[in-house]
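Hi,

Here is the structure I promised to pass on. Please have a look at it first, and then read on for what turned up.

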Amino acid sequence: MSQSTPVRRTEKAGQLHHGALSLSGAVMQGVTHIAPTAGVILILQAEVATLGLATPFAFVIAIVLMFLVGLSLAQLARFLPSAGGFYTYISRTLDPRVGWFAGWINLLYDPFGTAIDLAVLGYVFNAALSYNYGVTFPWWATFIIAGAIVTAVIYRGIEITGRTQLILGGLEILILLAASVHALFSPGAGGVTFAPFNPGNATKGSDLFVAVILAVFTFTGFESTAPLAEETAEPRRNVPRAMLISLVIVGVFVVFCLWAMMIGWGTAHLSSMVTYGGNPVFDVAKRLWGPAWVLLLLAIINSLLSVSVATTNSSTRVIYAMGRTGALPRWFGQIDRRYGTPRNAIIAQTILTFALGLSLGFAMGAFNEFLMIGVAITVGLALLYILACLGVVKFFLTERRSSFNWLMHLVIPLVAAIAVGFVLYHNVVPVPPYPINIALPLAGGWAVIGIAATVFMVKTGRTGWLDKATRVFDEQAATGQAEQPDA
């Protein structure tokens, strides 16, 4: 990346490498965390089963909603650069106690995300080999190998991580984009048509709202650029830009590729996709490219590896930031003096990833683990989005009143919060079937523990972290406490 050498020469030992990540690196953090290629390959069949021909329309609605959320979060990113992400945003705008709860909820989001991404990587790789070649490669073996790679990349520093995401993310996008363009030039039965963008073409009796719910959370992850603010050059400028740029890139890419793959399959017999025993995107690639279809398998492996890197990036910075302020044990606030990475947060994240991912995978199956934890994560993330949007309103009506804009700081965040609230409600009502239904008590129990821990700390006077929780990077540096974990 552009600024790695001078940063290494000027940074003090024991600090994050401030300014080491360029705008392009921050954008790729958001893009790879969303995992657009994995999203298209894994969700197309389920969405067609839900909505039918009008599937791309649901994604158009979803990206508009997520862009409203992105605009709201970008307002906070402009003024509150910090490795804490949601933890800092909500501590500063609402209350440090609510911020601690948000940080706790965030620990359900990214740390668990790495485990399920590696589990589903093992599942997809084994399923593809078994279905197409009759070869079995245990999902847990892929999990262990990929987990070791992710940890090694993350530990070596944000510069190497940024380059890795640029390569992996760029490769996955190019491969699926090439296949999608080819599909338009060689369409299946029904030819090239824009009918999928007409909601009137939805399958009779289908539920557009359910389809939108699935689509909305295909685009989550853009906000993961926030915890890298202290390592991003000009964070007040580049972090909000990275959020919105990554959303636009992925939004256009996902909608285009879903539409093109439906065209490649053949819109005239789209119903056959629902009952197909393999992966329809792989099947289209086989028709177009023959044996070279394995490039699509490489693309989804790239996608799931890169999202694992992105989730680990984000989670370790939040854990580190909470340890630095004393909201978590100070052990988490230590930096590796050689690589400038949050050493102990990475160790803790790796232990959690292997323990959770392997145990649940063996207990319920790798794909069931992905579904169950995925729903729990989306419930928690929806809460974070809502709290952050409300924080935007309060922040610009109080502390930044001079910058208040009624559209950007009132209308948009409130609309976004209400819309996410509806999505959250319909994500859990009615109660989904097994194994997804396990996610509800998991997310609820996690939230209750967070509330109880917050109350306990306040009641016992363990609140020395409250003031530090509201400070952003510039203010920490000004007080000389940017990297000093609380005693």
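Contact here means heavy atoms within 4.5 Å. Please keep in mind that this is a predicted model.

Let me start with Gln349, which sits in helix α14 (residues 343-364). Which residues does Gln349 touch, not counting those up to four places away in sequence? They are Pro111, Thr114, Thr312, Ser315 and Thr316. The side chain of Ser315 makes a polar contact with the side chain of Gln349, at 2.7 Å. From Pro111, the backbone oxygen lies 3.1 Å from a polar atom of the Gln349 side chain. Asp110 is 239 residues away from Gln349 along the chain, yet the C-alpha atoms of the two are separated by 9.6 Å. Is Gln349 buried or exposed? With a relative accessible area of 1%, Gln349 is buried, because buried means under 20%.

Glu172 is the next one to look at, and you will find it in helix α8 (residues 158-185). Glu172 also counts as buried, at 1% relative accessibility. Its side chain makes polar contacts with two serine side chains: Ser303 at 3.0 Å and Ser306 at 3.1 Å. Leaving aside neighbours within four places in sequence, the residues in contact with Glu172 include Ala35, Pro36, Thr37, Ala299 and Asn302.

Now to the aromatic rings. The structure holds 23 aromatic pairs. One of them is Tyr133 with Trp293, a stacked pair with 6.2 Å centre to centre and 20° between the planes. Tyr133 lies in helix α6 (residues 96-133) and Trp293 in the loop between α12 (280-289) and α13 (294-325), so the pair ties together parts that are 160 residues apart in sequence. Tyr133 is partly exposed at 45% relative accessibility, whereas Trp293 is buried at 4%.

Phe222 and Tyr385 are also stacked, with 6.2 Å between the centres and 25° between the planes. Here the loop between α9 (208-216) and α10 (235-265) holds Phe222, and helix α15 (residues 366-397) holds Tyr385, so this pair ties together parts 163 residues apart in sequence. Phe222 counts as buried at 0% relative accessibility, and Tyr385 counts as buried at 1%.

Trp100, Trp104, Phe112 and Trp446 form one aromatic cluster.

Finally, some charges over rings. The charged end of Lys286 sits over the ring of Trp293, 5.1 Å from its centre. For Arg401, the charged end sits over the ring of Phe404, 5.1 Å from the ring centre.

Best wishes

How values were computed
Residues are numbered from 1 along each chain as its sequence is written. This is a predicted model: local features need pLDDT of at least 70, side-chain atom pairs count only at pLDDT 80 or more; totals for chains, interfaces and linings use all residues. Side-chain values use heavy atoms; hydrogens and water are left out. Helices (H or I, at least four residues) and strands (E, at least two) are DSSP runs, numbered from the N terminus. Buried means under 20% relative accessible area, exposed over 50%, partly exposed in between (1.4 Å probe, protein chains only). A polar contact is a pair of N or O atoms within 3.5 Å; within protein, one must be able to donate a hydrogen and the other to accept it, and residues adjacent in sequence count only if both atoms are side-chain atoms. Rings of Phe, Tyr and Trp (its six-membered ring) pair if their centres lie within 6.5 Å; planes under 30 degrees apart count as stacked, over 60 as edge-to-face and the rest as tilted. A charge sits over a ring if NZ of Lys or CZ of Arg is within 6 Å of the ring centre and within 35 degrees of the ring normal.
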